[in-house]
Amino acid sequence: MTGNNLVLAVGLALFAGLSTGIGGLFTIFFKSTNKKLLSYALGLSAGVMIYVSFVELFAQSGDLLSAAYGPNVGGIINVSSFFGGMLLIAIIDKLIPSYENPHEAITIEDLDSCDPKHSDRKLLRVGAVTALVIAAHNFPEGIATFISAMQNPATGIPIALAVAIHNIPEGIAIAVPVHCATGSKRKAVAMSFASGLTEPLGAIAAYFILMPYLNDTLFGILFAGIAGIMVFISFDELLPTAREYGEHHISIYGLITGMAIMALSLILVF
């Protein structure tokens, strides 16, 4: 691990987080949502996350933990860490009331059904809560991006890209109700950007809290936990949202493409 890796890891987390703001900008510069493209992109993001989780992170975790504790104990720690990552992100979801959890696809066209001249506190609350929910999700994603990039930039870069893609529709989900409630494009975009800042904050927290203790064992536990988080996000958020945009087969084509891209990149690197 080098200083260059550190700069890259924090930069990737910042890039992935600020992509939420890019989704907010879409509501200003675009009049309609390209549902096919978003469906494909979300499927591609899920494909990258699922493939790298099982083939790279979970496998590396198993090797590291087996070397430290033997195949039996190491295997138990590996699997426990994987499901522990799933449990962590599931708890975050559980703590959020289902009617406020922004898993429903929101499109730019939804702006046409609102009257930005009249403030609506309920809509503003929806936008604010959505921003807080996404910020809570972004924090562990920032840790995942940072740790992956610190250990291996070839793994961290595609993970950051996948996270960035899936943050774009989340930015739309924040900006649309805020814009409807306030009539302010600036506030809508600012709130979407602000929610993404927890991603680099997660990276910074990982650096100051985890870095002094990083060794092969902790890396193994973290890799498995990150794999669990990304698999959960893929099945709980990315693929359902891709289907909500109305293009099931296109999302599956994106999923397969994402897996193929990740497989090819790992082959070329190693």
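Because the structure is a predicted model, local features were considered at a pLDDT of at least 70 and side-chain atom pairs at pLDDT 80 or more, whereas totals for chains, interfaces and linings use all residues. Residues are numbered from 1 along each chain as its sequence is written, and side-chain values rest on heavy atoms, with hydrogens and water left out.

The secondary structure of the protein chain amounts to nine helices and zero strands, where helices (H or I, at least four residues) and strands (E, at least two) are DSSP runs numbered from the N terminus. Read from the N terminus, the order of elements is accordingly α-α-α-α-α-α-α-α-α. Of the 270 residues of the protein chain, 51% count as buried, with buried taken as under 20% relative accessible area, exposed as over 50% and partly exposed as in between (1.4 Å probe, protein chains only).

An unreviewed UniProt entry lists residues 6–30, 37–55, 75–92, 188–211, 217–238 and 250–269 under "transmembrane region"; UniProt positions are given in the numbering used here, feature names are shortened, and annotations may be inferred rather than shown by experiment. In the model, residues 37–55 are 100% helix and 0% strand, with end C-alpha atoms that lie 27 Å apart. For residues 188–211, the corresponding figures are 92% helix and 0% strand, and the end C-alpha atoms are 35 Å apart.

The largest nonpolar core comprises 48 residues, and those with the most contacts inside it are Met49, Leu57, Phe146, Ile147 and Met230; such a core is a set of buried Ala, Val, Leu, Ile, Met, Phe, Trp, Tyr and Cys residues joined through side-chain atoms within 4.5 Å. At least two residues of this core are supplied by each of helix H1 (3–29), H2, H3, H4, H5, helix H7 (198–210), H8 and helix H9 (248–269). The largest share, 14 residues, comes from H8.

Six aromatic pairs were found in a search of the whole structure, a pair being defined by rings of Phe, Tyr and Trp (its six-membered ring) whose centres lie within 6.5 Å, with planes under 30 degrees apart counted as stacked, over 60 as edge-to-face and the rest as tilted. Phe58 and Phe82 form an edge-to-face pair, at 5.2 Å centre to centre and with 70 degrees between the planes. This pair links distant parts of the chain, with Phe58 in helix H2 and Phe82 in helix H3 (residues 71–94), 24 residues apart. Phe58 is partly exposed, at a relative accessible area of 22%, whereas Phe82 is buried, at 6%. The ring centres of Phe219 and Phe223 are 5.5 Å apart and their planes stand at 40 degrees, so this pair is tilted. Both Phe219 and Phe223 belong to helix H8, where they are four residues apart, about one turn of the helix, and both are buried. Ring pairs also link Phe54, Phe58, Phe82 and Phe83 into a cluster.

The feature "binding site" is placed by the unreviewed UniProt entry at Asn138, Glu141, Asn167, Glu170 and Glu199. Although these positions are spread over 62 residues of sequence, they cluster in space, the largest C-alpha distance being 13.7 Å. One of the set, Glu141, also belongs to the lining of the second largest cavity. Asn138 is located in helix H4 and is buried, with a relative accessible area of 0%.

Two cavities of 30 Å³ or more are present in the structure. On a 1 Å grid over the protein atoms alone, a cavity is a set of points where a 1.4 Å probe fits but cannot get out, and a pocket is an open set with protein on both sides within 12 Å along at least five of seven lines; lining residues have an atom within 4 Å of a point. Grid points are joined across faces, edges and corners, and a volume is the space filled by probe spheres set on the points. The second largest cavity, with a volume of about 30 Å³, is lined by Met49, Glu141, Ala144, Val163, Ile229, Met230 and Ile233. Helix H4 (121–151) and helix H8 (216–244) are the elements that give two or more residues to this lining, and the largest share, three residues, comes from H8.

The second largest pocket has a volume of about 230 Å³ and is lined by 14 residues, of which Phe26, Asn34, Leu37, Leu38 and Ile168 lie nearest its centre. Helix H2 (35–69) and helix H5 (153–182) each supply at least two residues of the lining of this pocket.
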